[in-house]
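Colleague: Could you walk me through this model and the terms you use for it?

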Amino acid sequence: MKAAFRKNEKIIFYILSFLLPVLFWLIVCALHGIYPFGDTSVMTGDITYQFIDYLAYFKSIFTTNNDLTYTFSKTMGGDMAGFFSYYLLSPFNFILLLFPNRLLPLGLLIIIMVKCGFMSLFFSLMLNRIFGFKWRSLIFGLTYALSGYVVVYFQLYAYFDDLMLMPLIFLGLRRMFKDPEKKYLYIAALTVAIILNFYVGWMICLFCLYYFVYLCVVNDDRALLGKRVFSFVSSSVLCGVLSAFVVIPSVLSLRGEKNSFHLGFYRTMELRDFFSRFYIDSFKGNISSCMPNVYCGTLMLLLFIIYFFNKKIPFKERIASLVLTVFLLLNFYINTLNVIWHGFNRPIGFPYRYSFVLIFLILYLGYRGLLDLDVYSLPKLLPAGVWAVYILYSAYLMIAGSVVVGLREVILNALILFVITVLFILYVKRKPALMFLASVFFLIQLFDIGENLNHSLYFFEFSSMGEYQTFVDRVGAEIDNIKAQDDGFFRVEKTFRRSHNDTMQFDYAGLSHYSSCEKKDVISYMNRLGFRDNGNWSFYDGGSTALVDSVFGIKYLISHYDYMGKKYKRFNKTKYPKGEHEDKYFVYRNQYALPLMFVAKGDICSVDPYEGNLFEFQNALADSISGGENNMFEAADIEEKNLVNLAETPGADGVYTYTKLDPSKEAYLEFKFGIDKESDGKLLEGYFDAPDYQKATIEVNGDSKGEYFSEYHWSVVDMAKHDEGENISVKVIPEDDTMQLTGVYIYFEDMVRLKNWVSEVSSKECELKKITSSHLLGSAWLPEDGQLVFSFPYEDDWKVYIDGEKVETQRAAGLLLSAPVNKGVHQVELYYEQAGRRLGLLISLAGVLMLICLHPAGLRKILSQPE
């Protein structure tokens with residue numbers, strides 16, 4: 001039995017190193033009732049509102065005519081290179097092809113657990129390759145896989161591929177430093193890391209640079225210094241070359257995205273509070289404003305401290321390690337250094353995304369110190385010193401009122417520290433069996449990281465699996481029904497949402513999206529169309545004007561209400577009887593929807609979307625398409641403006657401040673006007689501008705239109721149709737004592753004129769079909785010369801061919817793609833050719849050829865030799 005065990009010892013070890021973190025996740029999921037152990041899903045935060053929908057879209061690439069280049073499920077449409085390489089390039093995502101969309105959260109949970117398993121496996125493998133095979137490396141791998149960074153940032157599972165590869169990169173770097181010819185593991189692992197996630201790959205590249213400098217300092221052999229520097233620089237450059245086919249298109253794709261470039265030199269936190277994150281259970285749900293997540297367990301932190309007092313380790317090495325550690329701490333502390341790690345952009349949420357490098361260093365140095373540990377050479381007062389620092393710092397945290405460390409955390413850490421101290425004294429005094437000591441230490445660390453994992457999950461607001469499945473099943477059925485009845489190329493929208501990315505979940509073209517890769521000009525353009533825009537995203541919400549729905553081809557609207565009258569009367573209901581049904585949705589067909597390609601007779605390329613208010617812009621847009629004046633929108637003739645319990649104060653930049661005279665009484669700003677014969681039956685709409693968020697509601701003739709000026713509700717308000725002789729009262733009701741406005745726009749939209757306008761412009765008989773998401777085919781008939789307009793954003797990467805001839809494209813109405821076309825019947829074809837793709841492929845191919853030609857045998861030796 002023992003012989004069989006020793007023969008398969010390493011196999012058993014590495015299987016355990018993979019399975020242990022998976023087992024921990026399974027146990028904790030069972031305790032928290034996370035599906036399949038209960039109705040709670042793994043969806044929380046960005047997983048709920050972004051990533052689960054992205055993963056659904058990933059599946060559609062392999063089951064529909066979508067591709068990796070472009071998508072019409074991003075707002076009005078957008079390229080996918082940066083988006084795909086940041087969110088979706090992990091090979092583990094292929095696991096999701098085994099799961100229907102209603103079970104995607106379960107598939108994602110499996111992916112997270114598998115990635116954690118490989119983190120543990122590769123970290124243990126790294127330690128064993130560097131220092132020789134030892135079972136004690138098992139707990140270090142497990143700690144790396146369940147560190148505070150992984151537990152708190154598990155929503156950033158897309159980063160975990162690179163965390164998984166980091167031990168191999170580190171191993172390859174050390175191997176290359178020892179022998180400059182042995183660089184293939186470093187090249188292979190770092191290249192794959194950059195490809196799978198260029199953002200985290202950049203962070204690992206920085207760490208490799210700093211650690212290489214560290215190695216040069218601690219190594220006394222200067223004979224190979226030149227070769228080592230050349231090998232490191234050339235190998236690192238080669239990694240960039242080999243990954244160019246992903247990096248170059250991704251970088252070019254992200255041009256124009258929202259950014260927060262800021263290299264200001266100032267502190268990002270109170271450094272004295274930083275060390276509180278080493279306490280067990282110190283995470284309290286504050287993801288967006290938290291300190292670096294560097295928790296790795298009390299035992300590991302003590303081993304890291306002991307490393308610096310271990311006299312068997314060269315003094316020079318210990319000093320260099322201390323300098324490197326302090327330098328990393330300064331990177332957290334100083335904004336300029338911190339921003340560099342994040343690609344020169346300050347992250348929105350999830351700060352200090354590179355804090356895993358400090359955990360990595362702590363665990364590596366702690367293991368290094370453990371192997372050469374001679375407890376008798378340690379300072380005798382070291383335990384007392386550790387306790388003194390712990391007591392004093394804990395007292396400071398308690399007195400200062402720390403929000404993450406309270407009496408419970410202090411006592412819990414003290415108990416762990418007490419057990420470790422007793423075992424240390426026991427070993428010094430009585431020398432018990434090492435196996436016994438190792439087993440107890442192992443159990444202590446298991447408890448430490450297990451409790452931290454379990455406790456941390458209590459601070460996440462997980463979504464219901466049942467609610468998610470109900471939504472996916474019901475809305476999915478409606479989308480499938482639309483596609484079954486209409487195989488055309490059109491947009492669909494909804495008056496409700498689970499997330500801004502429902503378009504990706506159900507694979508339809510829409511006008512809603514939220515990701516870090518969306519272009520700023522697209523988001524601001526949506527605002528000018530009357531949709532909600534908070535600077536980071538935009539979405540359809542309750543919609544905008546009927547003209548916008550028409551121009552942008554919103555052919556179908558899904559609602560959970562059976563709207564009669566008001567704005568959505570312009571849609572033809574396709575199913576369900578009248579009346580509200582909570583368990584059903586209602587689908588409306590927009591008879592005025594234009595195809596996603598239409599002809600403009602006027603000078604649409606000169607229309608400025610930022611000239612005038614948004615209704616004036618839409619008037620100009622309608623006129624430029626038809627080639628004549630339409631007066632689609634006409635301003636309401638405000639007869640009275642009443643300030644009820646409010647004082648108005650004009651200010652700079654057109655800002656008017658309204659202050660309540662008596663905060664205890666009702667206050668509102670009221671606009672009154674009557675409906676005359678000219679306005680009879682027209683759709684009344686309004687938009688209210690302000691410098692910032694504030695609490696207010698809009699009321700029309702006593703009918704509340706809900707909150708306004710809020711993060712999710714600040715778009716064109718549907719005020720319904722009204723009959724001649726009716727008097728209208730529009731109230732803006734502040735909830736706070738003050739309110740600020742920069743503009744009030746109340747307009748009538750003439751539905752008769754819209755109908756006539758659509759009849760005129762749609763007579764051009766344009767048709768556009770989606771071959772793939774980056775290849776469109778259509779035809780157009782023009783009785784006279786005009787401008788062919790596509791209702792998606794202009795990009796140089798779109799190549800337009802008319803009758804087989806490539807034509808120059810232009811920007812229409814400030815954002816849209818267009819091309820001039822002569823009268824007659826034409827065949828139109830569009831291809832989206834991602835900028836930098838060919839260049840990136842050529843550079844990467846050159847790198848591969850160079851690697852093969854110069855080092856043909858090296859590729860076969862990547863993992864063949866230990867360090």
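Modeller: Gladly! Buried means under 20% relative accessible area, exposed over 50%, and partly exposed in between, with a 1.4 Å probe and protein chains only. This is a predicted model, where local features need pLDDT of at least 70, side-chain atom pairs count only at pLDDT 80 or more, and totals for chains, interfaces and linings use all residues. Residues are numbered from 1 along each chain as its sequence is written, and side-chain values use heavy atoms, leaving out hydrogens and water.

Colleague: Which residues of α21 are buried?

Modeller: They are M465, Y468, Q469, F471, V472, V475, G476, E478, I479 and I482. Helices are DSSP runs of H or I with at least four residues, and strands are runs of E with at least two, numbered from the N terminus.

Colleague: How do you know that the span of α21 agrees with its number of residues?

Modeller: The expected span is 1.5 Å times one less than the number of residues. For the 21 residues of α21 (465-485) that gives 30 Å, and the end C-alpha atoms are 30 Å apart, so the two agree.

Colleague: Why is D541 called buried?

Modeller: Its relative accessible area is 15%, and the cut-off is under 20%, so D541 counts as buried.

Colleague: What makes the link between the side chains of D541 and H713 a polar contact?

Modeller: The term needs a pair of N or O atoms within 3.5 Å; within protein, one must be able to donate a hydrogen and the other to accept it, and residues adjacent in sequence count only if both atoms are side-chain atoms. The D541 and H713 side chains are joined at 3.3 Å, although these residues are 172 residues apart along the chain.
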